[in-house]
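Hi everyone, thanks for coming.

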Amino acid sequence: ALLALDGRMGLAGWQWLFLVEGFPAVVLGSIALWFLTDRPEQAAWLPPAERTWLSAIMAREHAERSAHHQGSHLKALLNGRVLLICLIYFLNTLVSYGIFLWLPRILRDASGFRGWRLSVVTSVPFLVALVGMVLIGRHSDRTGERKGHVAACALTGAVGLVLAAVSGSSVPLIVFAFALSQLGQRSVQGVFWAIPPIFLGGTAAAAGIAFINSIGNLGGFVGPSVMGWLRQVSGSYSAGLLVLASALIIEAVLVMSLRLPAEPGRKAKQTTAA
């Protein structure tokens, strides 16, 4: 519908798309700038008791991490666990963008749908993923477990991609397969980003997380390119989907090989809950 506005007020359809879809983000960004505070004690929308409790928890976590993670930023970036985390995130973004940018075309070729019908079908896997991200993230926070959640999500995503590769032209099965893959692969994100602060403390955490994000996001270039090349060579999407599934399996193995210290503050949270 937005692309159909092509020519209105001298703007191309893609310009209308960017303007209308970008406007809510600008509004919400402005609200967040006013609503979200730098520190818990500044959050007037929290009850005083909660502000005090949260500030104390964060101060204790900061002290625990700082006591165990001294050293330069360069040393933190060259830490073996940081480099392994970079590879894990690289594999995840490789799959994320490899699927995201090709999914509408895969579903179009399988279903023959166009326009609005294609948009509705394409949205189903992401709606499933939206629910999964919240529920899985909450479960990981409640149990305090990270590695197993990331690995299980990655393997779930791999199963979905393998199913999509062998599903033939059955549209319901293909949609179900991609819903399963997005449920797993997208749910990795929230739990994954809870891992680096476990072993990165102080300002090194900011540098380390930025480094992981920068290196990992290079997968956003590799994934779509691999899918396109294998589609051209093989004449189908199956080979690319199986390669991406393999990347998720490797991701699961690598994340389980991580040796992590006990997460700071977890014992305090469990004691408080008890």
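This is a predicted model: local features need pLDDT of at least 70, side-chain atom pairs count only at pLDDT 80 or more; totals for chains, interfaces and linings use all residues.

Let's begin at Ala247, which sits in helix α12, the helix covering residues 238-256. Is Ala247 buried or exposed? Its relative accessibility is 7%, and because the cut-off for buried is under 20%, Ala247 counts as buried. Who does Ala247 touch, once we leave aside its neighbours within four places in sequence? The answer is Leu91, Leu94 and Val95. Take Leu91 from that list: Ala247 and Leu91 are 156 residues apart along the chain, yet their C-alpha atoms are separated by 5.9 Å.

Now let's step back to the whole chain.

How confident is the predictor? The mean pLDDT of the protein chain is 87, with 89% of the residues at 70 or more. The stretch to treat with care is residues 267-274, where pLDDT stays under 50. For that stretch the model has six contacts beyond four places in sequence.

Where is Ser187? You'll find Ser187 in helix α8, which runs over residues 171-192. With a relative accessible area of 2%, Ser187 is buried. What lies around its polar side-chain atom? The backbone oxygen of Leu183 is 2.5 Å from a polar atom of the Ser187 side chain, and the backbone nitrogen of Met133 is 3.4 Å from a polar atom of that side chain. Leaving aside neighbours within four places in sequence, the contacts of Ser187 are Ala129, Gly132, Met133, Ile136, Cys153 and Gln182.

A disulfide is a covalent bond between the sulfur atoms of two cysteines. How many disulfides are counted in this model? The count comes to zero. Two cysteines to look at are Cys86 and Cys153. Cys86 is buried, at a relative accessible area of 3%. Cys153 is buried as well, with 6% relative accessibility.

On to the aromatics, and there are eight aromatic pairs counted here. One of them is Phe35 with Trp45, a stacked pair with 4.9 Å from centre to centre and 15° between the planes. Phe35 belongs to helix α1 (residues 13-35), Trp45 belongs to the loop between α1 and α2 (48-68), and they are 10 residues apart. Phe35 is partly exposed, with 36% relative accessibility, and Trp45 is partly exposed too, at 43%.

Another pair is Tyr89 with Trp193. Why is this pair called edge-to-face? The ring centres are 4.9 Å apart and the planes sit at 65°, so the pair is edge-to-face. This pair links distant parts of the chain: Tyr89 is in helix α4 (residues 80-100), Trp193 is in the loop between α8 and α9 (196-199), and 104 residues separate them. As for accessibility, Tyr89 is buried at 7%, whereas Trp193 is partly exposed at 25%.

Back to Phe35 and Trp45 for a moment: together with Trp34, they are linked by ring pairs into a cluster. And there is a charged group over a ring elsewhere, with Arg231 lying over the face of Tyr237, 4.7 Å from the ring centre.

I'll finish with a backbone detail. Met9 is not a glycine, but its phi is positive, at about 55°. Where does Met9 sit? It is in the segment before α1. Met9 is also exposed, with a relative accessibility of 74%.

Terms used:
Residues are numbered from 1 along each chain as its sequence is written. Side-chain values use heavy atoms; hydrogens and water are left out. Helices (H or I, at least four residues) and strands (E, at least two) are DSSP runs, numbered from the N terminus. Buried means under 20% relative accessible area, exposed over 50%, partly exposed in between (1.4 Å probe, protein chains only). A polar contact is a pair of N or O atoms within 3.5 Å; within protein, one must be able to donate a hydrogen and the other to accept it, and residues adjacent in sequence count only if both atoms are side-chain atoms. Contact means heavy atoms within 4.5 Å. A disulfide is a pair of cysteine sulfur atoms within 2.5 Å. Rings of Phe, Tyr and Trp (its six-membered ring) pair if their centres lie within 6.5 Å; planes under 30 degrees apart count as stacked, over 60 as edge-to-face and the rest as tilted. A charge sits over a ring if NZ of Lys or CZ of Arg is within 6 Å of the ring centre and within 35 degrees of the ring normal. pLDDT is the predictor's confidence in each residue, from 0 to 100.
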